[in-house]
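Please look through the structure below, with its sequence at hand. The paragraphs after it go from one part to the next.

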Amino acid sequence: MSDSIQKVCVIGAGVMGAGIAAQVANAGVPVLLLDIVPKGDASPANRNAVAEGAIAKMLKTDPAPIMSPRAAKLIEAGNIEDDLAKVATCDWIIEAVVERLDIKHDLYAKLEAVRRPGTAISSNTSTIPLDALVAGRTDAFKRDFLITHFFNPPRYMRLLEIVTGGATDPAIATRVEAFADRSLGKTIVHAKDTPGFIANRIGTYWIQLGLNAAFDLGLTVEEADAIGGRPMGVPKTGIFGLVDLVGIDLMPHLQKSLTETLPKDDPYQAIARSHPLIETMIADGYTGRKGKGGFYRVNREAGKRKETIDLVTGAYRLPIKAGGLPASAAKGDLNALIGLTGKMGDYAWAVLGGTLAYAAGLVPAAADSIVAVDDAMKLGYNWKFGPFELIDKIGAAKLAARLDAEGKPVPDLLRLAGDRAFYRVESGKRQYLGIDGEYHDIVRPEGVLRLEDIKLASQPLLKNSSAALWDVGDGVACLEFTGKMNALDGEVMKLIGQAIPLVQKSFKALVVYNDGSNFSAGANLGLALFALNIAAWGEVDKLVAGGQKAYKALKYAPFPVVGAPAGMALGGGCEILLHCDAIQAHAELYMGLVECGVGLIPGWGGCGEMLQRWRDAPAMPKGPMPAVAKVFETVSTATVSKSAAQAKELLFLRPDDAITMNRDRLLSDAKARALALVAGYQPPAPPEFKLPGESGHVGLNMAAEGFRKRGLATDYDMVVSDALAGVLTGGKADLVDTVTEADLLKLEREAFALRVRDVRTIARVEHMLETGKPLRN
């Protein structure tokens, strides 16, 4: 169904429109981006300047809306006056112009004259009702029309709220949903045509409560964000940090929109108010991160000093450390958090109790189910738990009782739940409480397979403290990392050794996957540092040798192995993927061999795997040096891909490795890929190399010296890169010698052993663990 959308038009090249166009291009689909002809200079060369400028800006923006420069070539810039007729070549038209009904109506009238009947047309609005948008349009236009509300930035925010009207053709909506799901990577949440839909309505209420309570209770910005961040399972920024991020000047616009469109008895009307300090900040250009600063700022005139605004005086000051919360409250015990005495507990209850009660009152008014509400807040506002999942942590009955005791309205849904939870697991399936008072299975879309669901209905085939093996059906097993940040250690390697004979005996293929936001941050540096500090060199050497053995066993196993990474796949996490027969990667893949950044070199076979890929690349010049130089450049600088598309350019992914846009479909796609490799499968033959030896080693060191002279490499970087050069050039080998895979593994172990004993490497590891940033020693 999604294949029926072959070209898209986005009208409006502002931040949202341009970002939507970029995500369409990221999916490999051509997109026409139109905007107005600029006022003033309307010369032929300048008529597309608005759209062209938006594309150019996106190529320089960080984080980048466009995954690869190649994707940018799929965006065609144009203008509404000259190019509107081109929409006849498009299968979906997305309107993302300014939120003025008269402007939208004028555009729709023009579109109706040029578009093909049956072409989907949608608005990205979040403030104007659908019926108002299509007023005066033909029945044919209304059949093809819907609202598709993307979240900013469109590349990274997975939520897409879809609103259909009574006249909307279900087939049109299905076509758009399928494309948005599979090609754009969006999770579809069906919202009703109410002001703010779901996420922005709850999110705006939550933020307004948080701002009001902080001013009213006399909290500092730091205290408010310490309570309203991680302890509640919402973004670690807290409310003030989040407002800085999205833009302080956006808040009055959202408030105006909701107060004008929500019913007068809606609870938001009672809390909507402005604060003089915030009005002054906006007037003075303190609009958050995009402006001169916000509630937090970096004072560049004072040596980039971090400062926070005083909510009473309006003056900036040095940050104040918020008073410590009890351990239980800090770790997510919501009853402990809202039960605190004093202003900290009062703030927690004001924000959490008010927000959860408001969210409970929106079902079924704004959404048909609690699942839609929870998905909207988790995907649109990066909450770790949705409102109803948070209510379950408190207890619906407890929440209702406290609201009752304070004389506040209790939503019908809370009374309906009573002592029951909103979610439960029954017969291995997760269920939710419906508005009918009955529990219903949560049904995943076709093609969505999640390990968390499999775990509800089964037990692991193998399990230890750092990894597990699961049966994911159809003769495919799944290797899961389970440690913090999915870090890799000896237990992972041990389980790999146990898994291979089991998979060989009882399964057809193996997928390496986990549900975490990051595939693997690499080797467990904390464990490694402990061993280094007690000089347990034998344990470190054992870990390196064990990792090499485990990864090569996967590579040469008598069944297909498919890696399925998402998020970070660094160091050893990258290396295990390099040993897979194929990779099915999520589009957001940050993959690289980063060991040099902590004073080490790849020790689990990564050097040889990358050498083989670059040597065999069709466009790579022949001879012993070109591939070696390319791998040296990539690995010595700890280069990390900024997307799966870029990972292909760096050959961390092979040309025939596949990319999944929707994170929820990654496991299913990887499983299908593994099964497709089963028939006639043969393990790869071990590679052999002709490497340049000492002369090549000297050449690489000369290149590195150039970086040092330019201030781009430290003295210790030179030592580390020298060790890497020794491995990549084959050590003492000569051009006439054949270097085997085993030879390279031995060189890796030897170089790793030398560097890991150096105090400068230990300092780098310690610094990385303490700060999360590399030490430039």
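Is Arg444 buried, partly exposed or exposed? At 25% relative accessibility, Arg444 counts as partly exposed, because the term buried is kept for values under 20%. This value, like the others here, is computed from a predicted model. The side chain of Arg444 forms a salt bridge with that of Glu452, with 3.8 Å from N to O. Glu452 has a relative accessible area of 34%, so Glu452 is partly exposed too.

Another salt bridge links the side chains of Asp758 and Arg755, at 3.0 Å from N to O. In that pair, both Asp758 and Arg755 are buried. Salt bridges can also share partners, and in this way Lys7, Glu76, Asp83 and Lys86 are joined into one network.

The largest nonpolar core has 112 residues, and the members that touch the most others are Ile11, Phe295, Phe388, Leu414 and Phe422. Helix H17, which covers residues 343-360, gives the most to this core, with 11 residues. To see what surrounds one core member, take Leu414 in the largest core. If neighbours within four places in sequence are left aside, Leu414 is in contact with Ala360, Ile391, Ala396, Leu399, Ala400, Leu403 and Phe422.

H1 runs over residues 15-26 and has 12 residues. From its first C-alpha to its last, H1 reaches 16 Å, close to the 16 Å expected at 1.5 Å a residue. How many of the 12 residues of H1 are buried? The number is 11, so H1 is largely enclosed by the rest of the structure. The buried residues of H1 include Met16, Ile20, Val24 and Ala25, and also Gln23 and Asn26. Just after H1 comes Gly28, with a positive phi of about 85°.

Asp474 is one of them, with phi near 60°. Asp474 lies in the loop between strand S16 (467-471) and strand S17 (476-481). With 53% relative accessibility, Asp474 counts as exposed, because the limit for that term is over 50%. Leu651 is not a glycine either, and its phi is positive at about 65°. Leu651 sits in the loop between helix H29 (644-649) and strand S23 (658-660). At 11% relative accessibility, Leu651 counts as buried.

The bond from Asp62 to Pro63 is cis, with omega near 5°, and Pro63 is in the loop between helix H2 (49-60) and helix H3 (69-72). The bond from Asn152 to Pro153 is cis as well, with omega near -5°. Pro153 belongs to the loop between strand S6 (145-150) and strand S7 (159-164).

Leu245 is part of helix H11, residues 238-246. The relative accessible area of Leu245 is 46%, so Leu245 is partly exposed. Helix H12 covers residues 250-261 and contains Gln255. Is Gln255 buried or exposed? Its relative accessible area is 18%, so Gln255 is buried. Not counting residues up to four places away in sequence, Gln255 touches Gln208, Tyr268, Ala272, Arg273 and Ser274.

Definitions and conventions
Residues numbered from 1 in each chain as written. Predicted model: local features only at pLDDT ≥ 70, side-chain atom pairs only at ≥ 80, totals over all residues. Heavy atoms only, no water. Core = buried A, V, L, I, M, F, W, Y, C linked by side-chain atoms within 4.5 Å. Buried < 20%, exposed > 50% of the residue type's maximum accessible area, 1.4 Å probe, protein only. Helix = DSSP H or I, 4+ residues; strand = E, 2+ residues; numbered from the N terminus. Contact = heavy atoms within 4.5 Å. Expected span 1.5 Å × (residues − 1). Salt bridge = Lys/Arg side-chain N within 4 Å of Asp/Glu carboxyl O.
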